[in-house]
Amino acid sequence: MIKLVRFQQGRCHPQFGLLENDSIIDLGAAGVERLAPLFNGGRAIEILSALSKQSLPRVALSETRLLAPIDQQEVWAAGVTYLRSKKARMEESDFSASAYDRVYEAPRPELFFKSLPAKVSGPGGPVGIRADAKWNVPEPELALVFNAKAQLIGFTAGNDMSSRDIEGENLLYLPQAKTYRHSCALGPCLVLGRSESEVREWPIRVTILRAGQAVFEGSTSVGQIKRTFLELGDYLFRSQEFPQGAVLLTGTGIVPPDAFTLAAGDKVRIEIGEAGVLENEVVVV
Ligand code: DO4
Ligand code: MG
């Protein structure tokens, strides 16, 4: 198993690296500048394993800032892939209830565009709640990373920040409820070399901290996703092309109680299996 990160030291140019315990092997020194050439060739694990054995420069993790572990990949998202998500959304909106019910059962999944790569927050970056929304939640989701040939390359943790009142008012407002400034976070690392059945064993946990106290905790497991990764990837790539590859958030299985809404300054801590902990602070945008 390999953990790929994107990191920055001071004001230096961001680099990709391999995370090993508390240090990062700097792949910039080996000429690895972009993900697509590495992933599209289909030998990423072999190449990265060989590089990890070379004597490349190492940097202490504590001396770096981790960024979202992508560069030029669009981020898309699947919705209503867990029973919990379907039920919560049917409750939040009489108007749209049958749409959620139908899409949960239908062969074609719900897929929507989430973020341009440059707009994604990394670990420690901000996640946004809209100034014109009253009911805001994080959505802790496993993220799949595909290459340009629709091959599943790796996994990371993601946050599909959402405005439930805007989505609940009218499903046609979904793009506004889902895609706004700082609405997406990914990281901390991209896990390569794990199979779907292994990743389905991973737990997903979220803790929301307010003034240092947990105000919400929830958990589920990747195994609760109704659809296979293959099925989601197949639909994402239909009549589409992603020359740089693409990231797909796989939907949320954790929804806080209806009385809960995020506030500025909250810390959202998402932990997904071997992908690790993605923590972000909430800001109003
Ligand atoms: O249908 C709206 C979005 C669903 C979603 O983002 C989720 O289930 O995670
Ligand atoms: Mg979601």
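The model is predicted. The domain assignment divides the protein into domain 1 (2-67) and domain 2 (74-284).

- The centres of domain 1 and domain 2, taken over C-alpha atoms, are 26 Å apart.
- Domain 1 gives 13 residues to the contact, and domain 2 gives 16 residues.
- The size of an interface is often stated as the accessible area that is lost when the parts come together.
- On the side of domain 1 that touches domain 2, the elements giving two or more residues are β1 (2-8), α1 (35-40), α2 (44-53) and β5 (65-67).
- Strand β1 supplies the largest share of that side, with 4 residues.
- The residues on that side of domain 1 comprise 10 nonpolar, 1 polar and 2 charged.

**Helix α3 and what covers it**

- Helix α3 spans residues 83-92, and its buried residues are S85, K86, A88, R89 and E92.
- An α-helix has 3.6 residues a turn, so residues three or four places apart point the same way.
- The cover over the buried residues of α3 includes α4 (97-105), β12 (162-163), α5 and α6.

**N170, between α5 and α6**

- N170 sits in the loop that runs between α5 (164-169) and α6 (174-178).
- Is N170 buried or exposed? N170 has a relative accessible area of 18% and is therefore buried, the limit being under 20%.
- A polar atom of the N170 side chain lies 2.9 Å from the backbone nitrogen of L172.

- D258 and R164 form a salt bridge through their side chains, at 3.6 Å from N to O.
- D258 is in the loop between β16 (246-249) and β17 (267-272), while R164 is in helix α5, and the two are 94 residues apart.
- D258 is partly exposed at 45% relative accessible area, whereas R164 is buried at 4%.
- E274 and R194 form another salt bridge, with their closest N and O atoms 2.7 Å apart.
- E274 lies in the loop between β17 and β18 (276-284) and R194 in the loop between β13 (184-192) and α7 (196-199), so this pair ties together parts that are 80 residues apart in sequence.
- E274 is partly exposed, with a relative accessible area of 23%, and R194 is also partly exposed, at 28%.
- E281 and K267 form a salt bridge in which the closest N and O atoms are 3.7 Å apart.
- This pair links strand β18, which holds E281, with strand β17, which holds K267, and the residues are 14 apart.
- E281 is partly exposed at 36% relative accessible area, and K267 is partly exposed at 33%.

**A salt-bridge network**

- Which residues do salt bridges that share partners join into one network? They are R89, K114, E139, D160, E167 and K178.
- R89, one of these residues, is also among the buried residues of helix α3.

Methods
Residues are numbered from 1 along each chain as its sequence is written. Chains are lettered from A and ligands numbered from 1 in the order in which they are written. This is a predicted model: local features need pLDDT of at least 70, side-chain atom pairs count only at pLDDT 80 or more; totals for chains, interfaces and linings use all residues. Side-chain values use heavy atoms; hydrogens and water are left out. Domain bounds come from an automatic or database domain assignment. Contact means heavy atoms within 4.5 Å. Ala, Val, Leu, Ile, Met, Phe, Trp, Tyr, Cys and Pro count as nonpolar, Asp, Glu, Lys and Arg as charged, and the others, Gly among them, as polar. Buried means under 20% relative accessible area, exposed over 50%, partly exposed in between (1.4 Å probe, protein chains only). A polar contact is a pair of N or O atoms within 3.5 Å; within protein, one must be able to donate a hydrogen and the other to accept it, and residues adjacent in sequence count only if both atoms are side-chain atoms. A salt bridge is a side-chain nitrogen of Lys or Arg within 4 Å of a carboxyl oxygen of Asp or Glu.
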